[in-house]
Amino acid sequence: MLALSVDPTVLITTFDPRSLIYVFDMIGIIACSVSGTILAKHKNFDVFGCLLVSIVTAIGGGTVRDVILDRHPLFWMVDMSYLTVITLSSLVMQIFFHPNSRRVDKFLKLSDTIGLSAFTLIGIKVADSMGANVPVALLLGVITIIVGGIIRDMICNEIPLVLQQEIYITAALTGGILYFALTNLGVTDWIADISTMATIFTLRMLAIRYDWQFPTLEWKY
């Protein structure tokens, strides 16, 4: 649920902390903060470098989405819980996660998949609440998750995950289409939300498990 300020010209862009969607938002924030910290730690960044990467990973996509939608002030400027949760989760990961662990790739993909599931849903719901049509809402749902990951990978000198052949954006779009299908059928909000996240998570994890990839387009002559 979006909260409005007394001044009708200013939109306070936070969710009600008592709502389920706020919980989903925090799950995405923690997951993306963890994924950013894991990669930065693996690249031997210092404490503040890891923290910086975790911040841009967690709030980068949501910030771009809100700028496009002209939602202001930005959510993380209104509710300091976002930056607090990012900082704490990043510091905990820096303390307890070994940068040379053989499970770096697994942890990174798991946390990234959780963030993908949560942030795609959040982006779609935010865009929908602002009156965006279905294609635009789907696009903004994708933007919410991919921008932070792209910035993270560029800072860490990695090829952005979304530019590779892995099933990533497709999982987000499939979940988004399911969300609108369920809401149009009158399905209860929380059921539609959980079904959307579960679908995205399952597709992405299956793609990782069985190495599903899109083929590259190539003209053979």
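1. Asp-112, Ile-146, Gly-149, Ile-150, Arg-152, Asp-153, Pro-160, Leu-161, Val-162 and Tyr-168 line the second largest cavity. A cavity here is a set of points, on a 1 Å grid over the protein atoms alone, where a 1.4 Å probe fits but cannot get out; lining residues have an atom within 4 Å of a point.

2. This is a predicted model, in which local features need pLDDT of at least 70 and side-chain atom pairs count only at pLDDT 80 or more, while totals for chains, interfaces and linings use all residues. Numbering runs from 1 along each chain as its sequence is written, and side-chain values use heavy atoms, with hydrogens and water left out.

3. The second largest cavity has a volume of about 40 Å³ (the space filled by probe spheres set on the points, which are joined across faces, edges and corners). Helix H6 (residues 134-155) gives the largest share of its lining, 5 residues; helices are DSSP runs (H or I, at least four residues), numbered from the N terminus.

4. By class, that lining has 6 nonpolar, 1 polar and 3 charged residues. Ala, Val, Leu, Ile, Met, Phe, Trp, Tyr, Cys and Pro count as nonpolar, Asp, Glu, Lys and Arg as charged, and the others, Gly among them, as polar.

5. The whole structure holds 2 cavities of 30 Å³ or more. The largest cavity has a volume of about 50 Å³, and its lining residues include Asp-25, Arg-65, Phe-75 and Thr-144.

6. Helices H1 (20-42), H2 (47-69) and H5 (104-129) each supply at least two residues of the lining of the largest cavity. H2 provides the largest share, 3 residues. The lining of the largest cavity divides into 5 nonpolar, 2 polar and 2 charged residues.

Key: On a 1 Å grid over the protein atoms alone, a cavity is a set of points where a 1.4 Å probe fits but cannot get out, and a pocket is an open set with protein on both sides within 12 Å along at least five of seven lines; lining residues have an atom within 4 Å of a point.
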